[in-house]
Amino acid sequence: MTVSAAASASASRIISREDVVARMPPLAHRELVLALAGEAEARLGARLLPSEVPADVAWFGNAAGDGVGSVDVRRGAPGSSIAFMLEAWFHRELPGGDGAIDITALIVNLNGATDAPHLLMEFIQGGPSSLVVLLDLLPRVDLPLHPSYIEKYYAATGLDARGHRRFAERVPQARRYVSPLLFIRSMFSPTAIVADVQCGEGGAAALDGIVRGQLAGVAMDVLGVWLEHCAGGGGAGSGTSETGMEMEAEERERMVARDRMVGVTEVELNLAANLPRMFDAGVADRVVAEIRKAFMGS
């Protein structure tokens, strides 16, 4: 099915994650995120509620028929430590048939029942042979002030020892990616995988191999660490701090407020600024509004 035909398909029914991916041009990083999301969903199980996003956010397109996307948000069940799990899939053909930009993200935010890091996995493909990779367990405290947090979530879990942060050094076609936004650069942990993979002209096959090989292994391992050491933390009505002690209510409220500020600021800097360039203003507005609701907890 062409992008134009897919964009005009009816959005009146709930569509599956697999259906969304099948409607978009095939890319290795989309298949990887599909597998990552499926693994997260299987492991989190009943801790995730069914999706309630409107049909016109679960699948949408622009008037010209050269852009399509999907956003899915599943909130955490009462009593779990999950705030929400968000998947975003965007595709937009560039003017003049000069390639396309494809963005895929998997984000799982936790709530005040734990101070464990959030999960961020984002892939931005700007051409057939280039890919920006952002993988991290996003810290929820200011790390220099909380050395025990660094020890618990990044050292004791074995995440730092795995050396995934050196992905850009181990893959010849990759280099470290530096976001142009100071705020975004300030969010990451010391173990983040932040890389720009450039395979050069005619390098689509090489990029495909990197994604299915080294990158898939790294991403699955990072997800496994997060699921094992972070996703199960806390419990209904209480917060567990980095030292294993009960968080005071004021401390927990401060952390949740920080989460909201960081999330909404990122939405404004990234999505609110860039989605109108990919989709019609009305489409971008309703999609951003739904994502903003997830981060605000409303």
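Visitor: Which residue does the side chain of His118 join in a polar contact, and at what distance?

Guide: A polar contact is a pair of N or O atoms within 3.5 Å; within protein, one must be able to donate a hydrogen and the other to accept it, and residues adjacent in sequence count only if both atoms are side-chain atoms. Here the side chains of His118 and Arg140 are joined by such a contact of 3.4 Å. This is a predicted model, where local features need pLDDT of at least 70 and side-chain atom pairs count only at pLDDT 80 or more, while totals for chains, interfaces and linings use all residues. Residues are numbered from 1 along each chain as its sequence is written, and side-chain values use heavy atoms, with hydrogens and water left out.

Visitor: Where is His118 found, and is this residue buried or exposed?

Guide: Buried means under 20% relative accessible area, exposed over 50%, and partly exposed in between (1.4 Å probe, protein chains only). Helices (H or I, at least four residues) and strands (E, at least two) are DSSP runs, numbered from the N terminus. His118 is found in strand S5, residues 118–127. With a relative accessible area of 6%, His118 is buried.

Visitor: What is His118 in contact with?

Guide: Contact means heavy atoms within 4.5 Å. Leaving aside neighbours within four places in sequence, the partners of His118 include Asp136, Arg140, Trp226 and Asp259.

Visitor: How do I read a nonpolar core, and how many residues has the largest one?

Guide: A nonpolar core is a set of buried Ala, Val, Leu, Ile, Met, Phe, Trp, Tyr and Cys residues joined through side-chain atoms within 4.5 Å. The largest has 56 residues, and Trp226 and Leu215 are among those with the most contacts inside it. Helix H9 gives the most to this core, with 12 residues. A second, separate core of 36 residues includes Ala88, Ile107, Val194 and Val283.

Visitor: What span does H9 reach, and where is its kink centred?

Guide: The expected span of a helix is 1.5 Å times one less than its number of residues. H9 (residues 204–229) has 26 residues and reaches 35 Å from its first C-alpha to its last, close to the 38 Å expected. For a kink, the bend at a residue is the angle between axes fitted to the seven residues ending there and the seven starting there. In H9 there is a kink of about 45°, centred on Leu215. Leu215 is also one of the buried residues of this helix, and so are Val225 and Trp226.

Visitor: Which residues does Thr157 contact?

Guide: Thr157 is found in the loop between helix H5 (147–155) and helix H6 (159–162). Apart from neighbours within four places in sequence, Thr157 is in contact with Lys152, Arg162, Val225 and His229. Its side chain reaches the backbone nitrogen of Leu159 at 3.4 Å. Thr157 counts as buried because its relative accessible area is 8%.

Visitor: Are Val264 and Met296 buried, or partly exposed?

Guide: Val264 lies in helix H10 and is buried, with a relative accessible area of 18%. Met296 is in helix H11 (residues 281–296) and counts as partly exposed at 37% relative accessibility. Not counting residues up to four places away in sequence, Val264 touches Phe295 and Met296. With the neighbours within four places left aside, Met296 is in contact with Arg260 and Val264.
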